[in-house]
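Work through the exercises below with the sequence and the 3D structure at hand. Try each task before reading its solution.

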Protein chains: 2
Amino acid sequence: MAEEPASEVQLLKRQKAKLIEILSADADFVLQHADARSLLSPHGYQQVKCCRNPSEKVTDLLDHIIQRGPETARGLLELLKERDLLETFPQLHDFKDLRVETPCSGEQDISRKRRKDPDLQVMVPPKQICSNDRGLVREKQLMSVARHIGKSWREIGRLALGIPSVKLEQIEEDHSIHVERVFAMLRCWRTRQREKATAAHLHSLLSQEDLELPPETNGLSMEPTLHDLSEPLVDHAEGQLFLNEAFKIIVEDVLCKGTDVKQKVCEWKDPDELALLLDLQLRDSGEPQGRLLQRVRDVAKYSVKTTHPHFFNQQYGGVDYHSLAGRFLSEALNTNLFTYEVAPVFVLIETEVLKALRLLVGWTEGDGLFCPGGSSSNMYAMNLARYSFFPQVKRQGLCGLPQLTVFTSKESHYSVQKGAAFLGLGLDNVIVVEVDDGGRMIPEDLEEKIKLSKSQGAVPFLVSCTAGTTVQGAFDPLDSIADVCEKHKLWMHIDAAWGGSVLFSKQHKHLMKGAERANSVSWNPHKMLVAGLQCSVLLLKDTTNLLKQCHGANASYLFQQDKFYDVNLDIGDKSVQCSRKVDCVKFWLMWKAIGSSGLEERVDKAFLHVRYLVAQMKKRDGFLLLREPQFVNVCFWFIPPSLRGKEGSADYEKRLAKVAPIIKERMMKQGTMMVGYQPLGNKVNFFRMTAFSPLISNKDMDFFLNEIERLGKDL
Amino acid sequence: MAEEPASEVQLLKRQKAKLIEILSADADFVLQHADARSLLSPHGYQQVKCCRNPSEKVTDLLDHIIQRGPETARGLLELLKERDLLETFPQLHDFKDLRVETPCSGEQDISRKRRKDPDLQVMVPPKQICSNDRGLVREKQLMSVARHIGKSWREIGRLALGIPSVKLEQIEEDHSIHVERVFAMLRCWRTRQREKATAAHLHSLLSQEDLELPPETNGLSMEPTLHDLSEPLVDHAEGQLFLNEAFKIIVEDVLCKGTDVKQKVCEWKDPDELALLLDLQLRDSGEPQGRLLQRVRDVAKYSVKTTHPHFFNQQYGGVDYHSLAGRFLSEALNTNLFTYEVAPVFVLIETEVLKALRLLVGWTEGDGLFCPGGSSSNMYAMNLARYSFFPQVKRQGLCGLPQLTVFTSKESHYSVQKGAAFLGLGLDNVIVVEVDDGGRMIPEDLEEKIKLSKSQGAVPFLVSCTAGTTVQGAFDPLDSIADVCEKHKLWMHIDAAWGGSVLFSKQHKHLMKGAERANSVSWNPHKMLVAGLQCSVLLLKDTTNLLKQCHGANASYLFQQDKFYDVNLDIGDKSVQCSRKVDCVKFWLMWKAIGSSGLEERVDKAFLHVRYLVAQMKKRDGFLLLREPQFVNVCFWFIPPSLRGKEGSADYEKRLAKVAPIIKERMMKQGTMMVGYQPLGNKVNFFRMTAFSPLISNKDMDFFLNEIERLGKDL
């Protein structure tokens, strides 16, 4: 009967529904037999293996085989006629439709011959069996070989089969029975060889005369031989299988459990105990995959679940799945954002994201860069400001320049101090400006201090304002500060790492009014927008290529000028980093997913949650707000029952100061939630709660208040 | 009977809701039968198969078939009359409506039926139906509700059902027919509500008197109401499904295709064209999941495959699956390495990894930190050195200090320059020391220049040596330099970002002899060890807590001293960063996986590959080595046929300089491989190839040489 070339494929497709029904009775059995005949690609094998549901597994198996083409389809049809299979799935007996006329009828002869073949008698598979199964060695053959290899199996593995010693140690650890170890080693060889794993090849390797196998010795310290160079060190199939399993653990233990309010936020362990549990030590030998997966589970288990709806400890709680997908993608693509050559997509995406963010600030032109965190962004701004006034600083340094001073508020982020020290300006040259009750910089005090500094012979050059202070969430009055900066010709920088995201909200962007008058803005979308750590930008109004002039070094091995594309796309020289992580694509993907309107919703909802929380606090006893929140930071004392009404007593403040640390310790040890506390100026320890994660609901606000009450009721 | 061409489509469309209800009882069964009849496109089949929820699966199946046209629709209608199907879905027996009739008569039937159906009379499902199906609302009920919701569906969605507007926009985009949109919205509500999706609940939501629905207006700019607060913004099921699909794309497109020598290393596009292809613009509305997945595919497609065995362009090629799993894990756990409180596991792991690396340098004690790249590590070392000699610099800055000078070789990394400029020291104070032919610092010249600098009134404080220069891979003679540093009491720093990994190899660690005499070492395991970008450490011999003294700011809101655990574990104040990424766990997991011996093997094998490559080069015409490699950088010119034997001619150098750029452009545009080139001193453009990825074999070395020959044969 004349059939079309793809008749096996058509046949398999037609009978698929029926086959799924039959083979689902033991999906793994058929999968393993199919893999034994190399009917699957290594990747396909892993994918199919991962299916949990039997019928899904069979479906995927059949689809995969069909997709691979007629030869593989034929292989499966033959497999289904094997005795083992017929015994396991008796319905296959009645399934006449599976017969396809093979192009050459010699196949049957071979099968018959194979059954009689005395290949079990010899150590190595005889050459004549190589014509079967496109020559690929079968499990059965491997097993027969395994039975004839003795104590020198490791040497054979290393010398003849080129298996890395780490792998051999893993095999040894994974299997306790000798023949199983040898069999595993041979299977490992087969996997690594892929289409070259023929019986003939195995035969030739094992019969090498120059093998010079030491008679059953333990040759573990053998030098790598040139032979090794023909194979890469990484086994993709094995590696991808591990990654797949690790991914499942991440989804289950971090993303499912870690966002489930019924689960703990943290599993507190004392450092010594945790160190023991984690078995931190790094050793000479590698470990088997199973143990490594357990390590992934352990890391997940004992890590704080910042994704949890009851993590209120810092400004990076929650999770965004689109961003996370973007993060996995950029991690896998593992490149460096320095040239268009190696990061074409990311250079364009970074440029686009920076442009879109600048537009929100109010700038149609400008420049910018993703930096490793807000502190770095602030430091960059400081260096750019310095360079813009004193370009000679790049070549000559500060030596010989006048004393330069920086102005920032009392409640600004400590990175202004760190930056000034790092850049050689010195902490003493950071002049601290007074704040009002709400923590906002007082422009009048700023101007006075600028004048004072000038009168002392120093040269003020930078005001670093804050939009969203860390503790109180205060927004400095940008417009008034801009007036002062313009008057005194100072660089105006806004540290909007925390508060910048209000620019997405029509309702709340007024908090940043005047931002467009600044020279630079730092903004961390990894905070309120949940883009994932790290995602931090420095935005610049500058259009004179200041970033590159100030930071550039023109390395000739990287930023060649004779490239065949526009070298302005090689943005790496704008940075003082050389390796620079790709932090833009996750944010871009998230933004694409929910749009500016979705990001606006996140911001607006955070404000609503805070409004709700504050309203509830006011209905309860024992919650005392530091002041009405301006942003989404809620600062408050919990006054435990024993201290209520005793505000005048001598040790009141001292006792109140101890409340937050005790409640914090209790919540951590019970793992129910996490929130931060701190003193501020003359105010003793109070809680600072930030509510902005897109995972929270008002139920979580209620839980928060109940939990503080529960933990502090005996204090 | 005369039929309109599309009557099957119309019929199927009309009966879809009913069919979904019936066929959802065994969605996979009907899918497989439909596929057996080739009613789906291969891509459509894959898409439908991925749906987890049975009713969604059937919906997608029907939509797909409807979309394919009348012939396919007819095929399905026939299938539904088959015995197998009728047995599985007995309700199909009573489903006379599946017979194709003229559109108008069918429509009448349905309208007639609808008028009689009591639950179709009202806008909301009557209470009495709530007893069905444990109260969960059925598709049929949703459909009947959908038919009664008009133009104000969006308002109903937002106000009554709490569906985010982004989601509504997606629904609108995904469906063109009004009733389908409303139905999709109701289904979305049901998915989000899970066990609360009862008919009673839906009824009560839709009958709210305070809904105040504007009579069929388009209220897109409505304020979020308090109602919204009861539900989080993120849908975990939907999010995890997306992540799962994205993961599959990453495995397939980045890790399988991206490591396959038969695939391209890069898919070159001009920037303008690529920008168009990527559709970069960020908009107000979000996008449907399918389109976002396509974006993931596009990012993967047009990105350079640094994982590819033929990516020789930079020192971060290849992939390690254990490390990648660790990266996914730390991305998902999304925390900040500043306090033990939020990063207990990572603080301990970072400490352990630093300890193990210090031991390899030869230090049993010391300190260290993971930094965002080698340039940052080098800058840190410079700042620490400065602080160790002049602690007053932290408070007072450089103003008033003498001129400080730094010494580094001509071929050291540009980050020494960048660091000096950034720290306010100035480029002019980086004194460049001569190198020998191999690019190694000449200690005699170092000492001379130190003396000269002193004689000019400057204060030398730091020698930054290099172990593994970027271009030539040279190792400065550390022991001799240590002698000079000791004599002149200078801080000795080693930039071993590239070369540090030789410390894992018994055979090659001699290259770093003398490293233990240094004060600090930077080392990037993301280079030769393939730990993934970024993984960069600064190691210190110091035991006086210099890092914290130099960089600390003691922020009271973060590093509270009244915590209930040892606050020395709050390592964040050692850094000038505040947010600091977790870069240690991936390296730790990889090290655990293959052991120090596995890392040693990577290093040893890289040397062997280079030895092989060089041997092959010498056998061929046209390959001229700059010099014998000391490390795994192979620097060479390719002399094209037309230039061979013309070394003396006038324009030889000029012509040779153009060879590498042209070959580079060709390989990029064809996507076959990537390798870097650069000039160096008076040497015109030559290639620099680095071979160290654990994915390469000697076949890739052969390919490399053949490809250079192929691309340059006509030059």
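**Exercise 1: Overall form**

Chain A contains 27 helices and twelve strands; both are DSSP runs, of at least four residues (H or I) for helices and at least two (E) for strands, numbered from the N terminus. This is a predicted model, in which local features need pLDDT of at least 70 and side-chain atom pairs count only at pLDDT 80 or more, while totals for chains, interfaces and linings use all residues. Residues are numbered from 1 along each chain as its sequence is written, and chains are lettered from A and ligands numbered from 1 in the order in which they are written.

Task: State how the radius of gyration of chain A compares with that of a compact globule of 715 residues.

Solution. Step 1: the radius of gyration is taken over C-alpha atoms, and the globule rule is 2.2 Å times the number of residues to the power 0.38. Step 2: for 715 residues a compact globule would come out near 27 Å, whereas chain A has 34 Å. Step 3: the C-alpha trace of chain A spans about 100 × 70 × 55 Å along its principal axes.

**Exercise 2: Confidence**

Task: Find where in chain A the pLDDT is below 50.

Solution. Step 1: pLDDT is the predictor's confidence in each residue, from 0 to 100. Step 2: chain A has a mean pLDDT of 88, and 90% of its residues reach 70 or more. Step 3: in residues 100-134 of chain A the pLDDT is below 50, and this stretch has 40 contacts in the model beyond near neighbours in sequence; a contact means that two C-beta atoms, placed from the backbone, lie within 7 Å. Step 4: residues 212-227 of chain A are also below 50, with 20 contacts beyond near neighbours in sequence. Step 5: where pLDDT is low, the predicted coordinates should not be read in detail.

**Exercise 3: An annotated lysine**

Task: Locate Lys527(A) and decide whether Lys527(A) is buried or exposed.

Solution. Step 1: UniProt, in an unreviewed entry, places the feature "modified residue: N6-(pyridoxal phosphate)lysine" at Lys527(A); UniProt positions are given in the numbering used here, feature names are shortened, and annotations may be inferred rather than shown by experiment. Step 2: Lys527(A) sits in the loop between strand S7 (520-523) and strand S8 (536-540) of chain A. Step 3: a residue is buried if 20 or more other C-beta atoms lie within 10 Å of its own, exposed if 12 or fewer, and partly exposed in between. Step 4: Lys527(A) is buried because 25 other C-beta atoms lie within 10 Å. Step 5: not counting residues up to four places away in sequence, Lys527(A) touches Gln315(A), Tyr316(A), Ala497(A) and Trp498(A).

**Exercise 4: A helix residue**

Task: Explain why Asp445(A) is classed as partly exposed.

Solution. Step 1: Asp445(A) belongs to helix H22 (residues 443-455) of chain A. Step 2: Asp445(A) has 18 other C-beta atoms within 10 Å, so it is partly exposed. Step 3: leaving out residues up to four places away in sequence, Asp445(A) touches Val433(A) and Glu434(A).

**Exercise 5: The two chains**

Task: Describe the side of chain B that touches chain A.

Solution. Step 1: the contact takes 157 residues from chain B and 159 residues from chain A. Step 2: helix H25 (residues 584-619) of chain B gives the largest share of the chain B side, 17 residues. Step 3: by class, the chain B side has 80 nonpolar, 50 polar and 27 charged residues. Here Ala, Val, Leu, Ile, Met, Phe, Trp, Tyr, Cys and Pro count as nonpolar, Asp, Glu, Lys and Arg as charged, and the others, Gly among them, as polar.
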